[in-house]
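Please keep the sequence and the model in view while reading.

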Amino acid sequence: VQALNLFGAEHCVGDRAEQDFTGKVLVLSPDTLKESCWSQADQLWYARSGFGCEPHSSGRAVFATCLSDGETARWNREDFIGVLDEKHLPDWAREKLMELTAPRQEEPAAGEMKLE
């Protein structure tokens, strides 16, 4: 696993048990992934919602988006190693994160004019 240069606990910040995961980049444990998916790209997920995001909730679900391919999935809180330290966030992941968190501009409905 070390030869693959995967993210581990040493790349994370804070106490996982006390952190709110909402809106954070999380590191998925390699133990959760299939061996064929062992890569940094498959480990980085942006937590959107779920009771599992809250540290002391009885719920476990974390709804997240994979930064590499945009896939959305439901994971359990314990599937994550922790919150990635921003200094370890690769440039490609930073760009994807900006896309995911940018405010969306709504397109005008059919027949409506867009006012400038």
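His-11 lies in the segment that precedes strand 1; strands (E, at least two residues) and helices (H or I, at least four) are DSSP runs, numbered from the N terminus. The model is predicted, with local features requiring pLDDT of at least 70 and side-chain atom pairs pLDDT 80 or more, while totals for chains, interfaces and linings use all residues. Residues are numbered from 1 along each chain as its sequence is written, and side-chain values use heavy atoms, leaving out hydrogens and water.

Is His-11 buried or exposed? His-11 is buried, at a relative accessible area of 16%, where buried means under 20%, exposed over 50% and partly exposed in between (1.4 Å probe, protein chains only). Apart from neighbours within four places in sequence, His-11 is in contact with Leu-6, Val-83, Leu-84, Asp-85 and His-88, contact meaning heavy atoms within 4.5 Å. His-11 and Leu-84 are 73 residues apart along the chain, yet their C-alpha atoms are separated by 5.9 Å.

Six strands form an open, antiparallel sheet in the order 1-6-2-3-4-5; two strands pair if DSSP finds at least two bridges between them. Strand 1 (12–13) and strand 5 are at the edges with a single partner strand each, so one side of each has no neighbour in the sheet. Helix 2 (residues 91–101) packs on the sheet and touches strand 2 (25–28), strand 3 and strand 4. The direction of helix 2 makes about 20° with that of strand 3, the axes being lines fitted to C-alpha atoms (for helices over the stretch in contact) and angles running from 0 to 180 degrees between N-to-C directions.

Within this sheet, strand 4 (residues 61–66) has five of its six residues buried. Four bridges pair strand 4 with strand 3 (residues 44–49) in the antiparallel sense, and Ala-64 is the bridge partner of Ala-47. On strand 5 (residues 72–76), also antiparallel to strand 4 and joined to it by five bridges, Trp-75 stands opposite Val-62. Five residues separate strand 4 from strand 5 in a hairpin, and Gly-70 in the turn has a positive phi of about 80°.

A nonpolar core is a set of buried Ala, Val, Leu, Ile, Met, Phe, Trp, Tyr and Cys residues joined through side-chain atoms within 4.5 Å. The largest has 14 residues, with Val-62 and Trp-75 among those having the most contacts inside it. Strand 4 gives the most to this core, namely three residues. Apart from it lies another core, of eleven residues, including Cys-12 and Leu-89.
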